[in-house]
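Trainee: I would like to learn how to read a model feature by feature. Could you take me through one?

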Amino acid sequence: YYGFKPVKKGDLVPATYHPGSHILYPGILRDQKDAMDLTPVSLFSFSAVHKPLVIVFRPMLRQGAADDIQFLDAFQKDIQIMGGSLLVVSNQPIRDLKKQLGPHNHLWILSDPHNSLAEQFGLYAPENPASDWISGIDTPIPLPAFYVVLSSGEISYHYIDYNFSTYSGHPDDIYRQGFVRQILTRIYQDTHYLSYVHRHGPKKDMFTQP
């Protein structure tokens, strides 16, 4: 694991806020001069109540932006069908993300250019750069990672891509990896669990959160 200690299943997501000026919203690219954009935003403001939130730490590749967007758009649709929502964390600057996504963005993306959010999740350490142990990595990027988070803040699923197998490549190749199906299954189970608990309260013999 190269000395990294990322948060994992059973842990709580770090209680953190992100500058509103570093967030892209779906539908339109918001004017960053808006005073509202300066307000720190909680990670959980991106998730509907009683629905799981998928947080994806994924570096956006300048040369492969179209493939990245294709994968994330398709992934988001499947997540929404299962009852969840998607939040992408990228270490690309906000200006680069605007250019890559264009005016018809469908994604919620946090720009984390200094990897401060990734560091809180244990996916980045300035003193231990990925370039020291992964061939072909020459920039300060975090470990790619996928989390499913309950409305309580508890992580119900994690996939840490230590080999950077999701870092690049055709979207179809990424979709063939087993973790994608595991995430969608987890979302489906969590959605039904959260819905039942909201209506009836916990019932141990009906749902068990592994």
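**Reading the model**

Mentor: Begin with Asp173, which is partly exposed at 43% relative accessibility. Keep in mind that this is a predicted model.

Trainee: With which residue does Asp173 meet in a salt bridge?

Mentor: The general idea is that side chains of opposite charge can pair when their charged atoms come close. Here the partner of Asp173 is Arg176, with an N to O distance of 2.7 Å. Arg176 counts as exposed, because its relative accessibility is 63%.

Trainee: How many salt bridges does a search of the whole structure find?

Mentor: The search finds 3. One of them joins Arg58 to Asp68, where the closest N and O atoms are 2.7 Å apart. This pair links distant parts of the chain, 10 residues apart: Arg58 sits in the loop between β4 (53-57) and α1 (65-81), and Asp68 in helix α1.

Trainee: Are Arg58 and Asp68 buried or exposed?

Mentor: Arg58 is buried, with a relative accessible area of 3%. Asp68 is buried as well, at 2%; the cut-off for buried is under 20%.

Trainee: How should I read a salt bridge inside a helix?

Mentor: An α-helix has 3.6 residues a turn, so residues three or four places apart point the same way. In this model Asp190 forms a salt bridge with Arg186, and their closest N and O atoms are 3.2 Å apart. Both belong to helix α5 (residues 178-200); they are 4 residues apart and therefore separated by about one helical turn. Asp190 is buried with a relative accessible area of 0%, and Arg186 is buried with 8%.

Trainee: Next, the sheet. In what order do the strands come?

Mentor: Strands of a sheet pair through backbone hydrogen bonds, either parallel or antiparallel. In this structure 6 strands form an open sheet with mixed pairing, in the order β2-β6-β5-β4-β7-β8. The edge strands are β2 (23-24) and β8; each has a single partner strand, so one side of each is left without a neighbour in the sheet. Helix α1 packs on the sheet and touches β4, β5 and β7 (145-149), its direction making about 150 degrees with that of β5.

Trainee: How many bridges join β5 to β6?

Mentor: Strand β5 (residues 85-90) is joined to β6 by 3 bridges, and the two run parallel. Among the residues involved, Ser90 has Ser111 in β6 as its bridge partner.

Trainee: Which residues of helix α2 are buried?

Mentor: In α2 (residues 94-101), the buried residues are Ile94, Asp96, Leu97, Gln100 and Leu101. They lie on the same side of α2 because they cover an arc of only 155 degrees around the axis. Arg95 and Lys99, on the other side, are exposed. The cover over the buried residues includes β2, α1, β5 and β6. Just after α2 comes Gly102, with a positive phi of about 75 degrees.

Trainee: Which residue other than glycine has a positive phi of about 60 degrees?

Mentor: Asn115 does, at about 60 degrees. Asn115 lies in the loop between β6 (109-111) and α3 (116-120) and counts as buried, at 2% relative accessibility. Phe164, also not a glycine, has a positive phi near 60 degrees. Phe164 is in the loop between β8 (155-160) and α4 (171-175), and at 8% relative accessibility Phe164 counts as buried.

Notes: Residues numbered from 1 in each chain as written. Predicted model: local features only at pLDDT ≥ 70, side-chain atom pairs only at ≥ 80, totals over all residues. Heavy atoms only, no water. Buried < 20%, exposed > 50% of the residue type's maximum accessible area, 1.4 Å probe, protein only. Salt bridge = Lys/Arg side-chain N within 4 Å of Asp/Glu carboxyl O. Pairing = 2+ DSSP bridges. Contact = heavy atoms within 4.5 Å. Axes fitted to C-alpha atoms, helices over the stretch in contact; angles between N-to-C directions. Arc of directions from axis to C-beta.
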